[in-house]
Amino acid sequence: MAEPTKAIFLLMPEWQGSASSRAMLITDGAAHLREDLPPAARFDVAVPQQAGDALGTPVARLSSVVAARDAARETLRSAEDPAITLGGDCASTLAGLDRAAERDPGVAVLWFDAHPDLQHPSTSPSGAASGMALRHALGLGIADLNGAHPIDPSRVLLVGAREVDAEEAQAIDELGIRSLAATSEGPAEAVRDWLTEIGATSVYVHIDLDVLDPAEFAAVHAPVPFGLAVSDLAGAVRAAVATAPLAGAAICEFAPATAEIASDDSPTVLRLLAALVSGGSR
Ligand SMILES: NC(=[NH2+])NCCC[C@H](N)C(=O)O
């Protein structure tokens, strides 16, 4: 039997990085998830309440996104166990991902998302920091949001991206970022093979819930058809953490429109959490 991974949970109800007019549903979603997290391992990140200011940049609500990231960083400073950030938009991944890269330069990043989040602020169609999250993790955005420990693009695998802006397609090409289509058979095996091929010494798992097929998961702002089945996503995550130890993770964009949708879909989030800490058999 595999040893479960001991992890801490960072509840980070950040919505300011989202472009949706219904972004505040993320706050409701976070409140819902909070109840299911073990209190002893749960840390509430002090996300500003106010929308914040772009600070003269093209990034909407940048001041609040930066303040939230810094608050998460502070929480992580003394943490030993891998951290799983949840309850926020995709930019909520930044502090945990940077922490994982600081601790292990050999970390590999699995980016499960309907979008590659590789927009640069200067070309972003929305100004949403969430759509620029991976670019900043690579250290290729603006100084306010760039990671202090940039990930090498060769250590990133995009899984399930199917709504890709032209600038993002160009970046994927130029940076040589590998990707796996949502429709590909057996994502677990492909993920395992890739981690082995690049010699990953740990793995950071970013999950935007919109990577899932809308037929199986409704609690996102803007569902994108033809996504991953829940069982395929959970299986790929289990395969990943069985191949390399979990360095950290984020589960983002849980935005249930109603209490009923929240109740229907939160078990899926818990299933993904279980997969993240499943440890695998090493
Ligand atoms: N993490 C997300 N929800 N990303 C959506 C991004 C959509 C688009 N590429 C943008 O930058 O606005």
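**Cavity, pocket and ligand**

The largest cavity has a volume of about 60 Å³, where a volume is the space filled by probe spheres set on grid points joined across faces, edges and corners. This is a predicted model, in which local features need pLDDT of at least 70, side-chain atom pairs count only at pLDDT 80 or more, and totals for chains, interfaces and linings use all residues. Residues are numbered from 1 along each chain as its sequence is written, and side-chain values use heavy atoms, with hydrogens and water left out.

On a 1 Å grid over the protein atoms alone, a cavity is a set of points where a 1.4 Å probe fits but cannot get out; a pocket is an open set with protein on both sides within 12 Å along at least five of seven lines; lining residues have an atom within 4 Å of a point. The count comes to 1 cavity of 30 Å³ or more.

Residues lining the largest cavity include Arg69, Arg73, Leu94, Leu97, Asp98 and His149. Helix H2 (62-77) and helix H3 (94-103) each give two or more residues to this lining. H3 supplies the largest share, 3 residues. By class, the cavity lining has 5 nonpolar, 3 polar and 3 charged residues.

Now the open space. The largest pocket has a volume of about 480 Å³. It is lined by 23 residues, and the closest to its centre are Ala19, His115, Asp117, Ser130 and Gly131. Its lining divides into 6 nonpolar, 9 polar and 8 charged residues.

The ligand sits in this largest pocket, meaning that more than half of its atoms lie within 2 Å of the pocket's grid points.

For Asp165, the distance to a ligand nitrogen atom is 2.7 Å. For Asp208, a polar side-chain atom lies 3.4 Å from a nitrogen atom of the ligand. Taken alone, the ligand exposes 340 Å², and the protein buries 85% of that (Shrake-Rupley method, 1.4 Å probe).

Conventions:
Polar contact = N/O pair within 3.5 Å; in protein donor to acceptor, adjacent residues only side chain to side chain. Helix = DSSP H or I, 4+ residues; strand = E, 2+ residues; numbered from the N terminus. Nonpolar A, V, L, I, M, F, W, Y, C, P; charged D, E, K, R; others polar.
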